[in-house]
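Q: I have a model open and want to go through a few spots in it. Can you take my questions as they come?

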Amino acid sequence: MVVPETLPALGRHYLRIVTSLLLLAAPVTLAAAKTTGPPACGKPQHLNRIVGGEDSTDAEWPWLVSIRKNGTHYCAGSLLTNHWVLTAAHCFKGHLNKPALFSVLLGAWQLGNPGPRSQEVGIAWVQSHPVYSWKEGARADIALVRLEHAIQFSERILPICLPDSSIHLLPDTNCWIAGWGSIHDGVPLPHPQTLQKVKVPIIDSAVCSRLYWQGAGQGAITEDMLCAGYLEGERDACLGDSGGPLMCQVERTWLLAGVISWGEGCAERNRPGVYISLAAHRSWVQRIVQGVQLRGHSQGSGPTGRRGRALGARRARRAARGRGV
C-alpha cells in the first residue's frame, strides 16, 4: 500500500496499524479456506434421451454419474460424498464381488466426449441392501458404491442431498430424471450421447399398485417404492438408466427422492416407472456413508409434501426388468 506523503502523521500511523492487522489476518483467512468442508449438496453451479426427453445442459446435474462395465456405460448413479455413489443393486447382479469390472465416470455431459474435467475412478467395493433378493422388481433395489479414492469436487462434480424426515412427496409433485439410456426400447442414445432429462410427476401409490396388480393377492409395488411418470406413456426411463436419480427440488435444493429401478417396457401406457424411495432407506444409507447431507423444508415454511420443482430424466425399461442391464 502506497501512502501519500501529504497525509497527516496520525493518518499515516493509523494506516500502518490497519495494514499490519490485515497482514496478520491473511494467514488465518487462507487457513480457513483450506479447511472448508464439502460443497453444499443439491446446488448446481450452472455454467454458461431418455424416452421423450430433451438434452440437459452442461453441469445441470453434477451428481449424476455413469457406471461403466468393461469401459462401456451400463448404469447410472448419484454422488453422495467424495467417496460414495448410490445406485440400483440389480446393476451388479452376478458381479457383486467383481468390482474390477466396473468404474465410475463423473463430471460428464456427453459420454462420447466427456472432456478433460471429467474424472473416472475405479470401484473398491459394492454394498447392496441386505434385504434385496436379486429378483426382478424386488424391494430395496439399492446399493452403495465405494470409490477407490476420493474424487475432487468441481462445478461439474457435486453431491446431491438426501431428503430428511420433513419430506413427503404428494401425488402430482413434479420431479425429474436424467440419464444416458436408450431413447426407445432397443434404440441406444446416439453419439455424442448427450445427457437426457425429462420431468415426471409422482403417481399416487394406490393408483400405481392397481396398474401393476398381479392378481391372487400379489402386488408388485412394495412399501419402499415410488411411481412417477405419465399414464399415457411417451416419457420414461429406459435401458441404461437404472440406478439413476429421481430428483425433486425443495426450496431451491435438489433432493434424491428415488432410484430408477424397474417397470414394464419403455414409456408404455399405464406402465409408469418404479423407483426405490430414499425416504424408506435413509437410515441404512446414513449408517454406512459418513458425511451424507440431508435437506428438507425449513421450519415454518409450510406443510410438508407441497409440490416441489425438479429436473431429471428417465428412460423406458424392458418388460419387468431393471433399466440398466
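Q: Which residues line the largest cavity?
A: This is a predicted model. In it, the lining of the largest cavity is made up of Asp 58, Ala 59, Glu 60, Trp 61, Pro 62, Leu 64, Gly 107, Ala 108, Trp 109, Arg 156 and Leu 195.

Q: What volume does the largest cavity have?
A: About 60 Å³.

Q: And how does the lining of the largest cavity split by class?
A: Seven residues are nonpolar, one is polar and three are charged.

Q: Other topic: where is Ser 78 found?
A: Ser 78 is in strand β3, which covers residues 72-79.

Q: Buried or exposed?
A: Ser 78 has a relative accessible area of 1%, and the cut-off for buried is under 20%, so Ser 78 counts as buried.

Q: What does Ser 78 touch?
A: Not counting residues up to four places away in sequence, Ser 78 touches Trp 63, Val 65, Trp 84, Val 85, Leu 86, Ile 160, Pro 245 and Leu 256.

Q: Now Thr 87. Which strand does Thr 87 lie in?
A: Strand β4, residues 84-87.

Q: Why is Thr 87 called buried?
A: Because its relative accessible area is 0%, and buried means under 20%.

Q: What does the side chain of Thr 87 reach?
A: The backbone oxygen of Ala 76, at 2.7 Å.

Q: Which residues is Thr 87 in contact with, leaving aside neighbours within four places in sequence?
A: Ala 76 is one of them.

Note on methods: Residues numbered from 1 in each chain as written. Predicted model: local features only at pLDDT ≥ 70, side-chain atom pairs only at ≥ 80, totals over all residues. Heavy atoms only, no water. 1 Å grid on protein atoms, 1.4 Å probe; cavity = no way out; pocket = protein on both sides within 12 Å on 5 of 7 lines; lining within 4 Å. Points joined across faces, edges and corners; volume = space filled by probe spheres on them. Nonpolar A, V, L, I, M, F, W, Y, C, P; charged D, E, K, R; others polar. Helix = DSSP H or I, 4+ residues; strand = E, 2+ residues; numbered from the N terminus. Buried < 20%, exposed > 50% of the residue type's maximum accessible area, 1.4 Å probe, protein only. Contact = heavy atoms within 4.5 Å. Polar contact = N/O pair within 3.5 Å; in protein donor to acceptor, adjacent residues only side chain to side chain.
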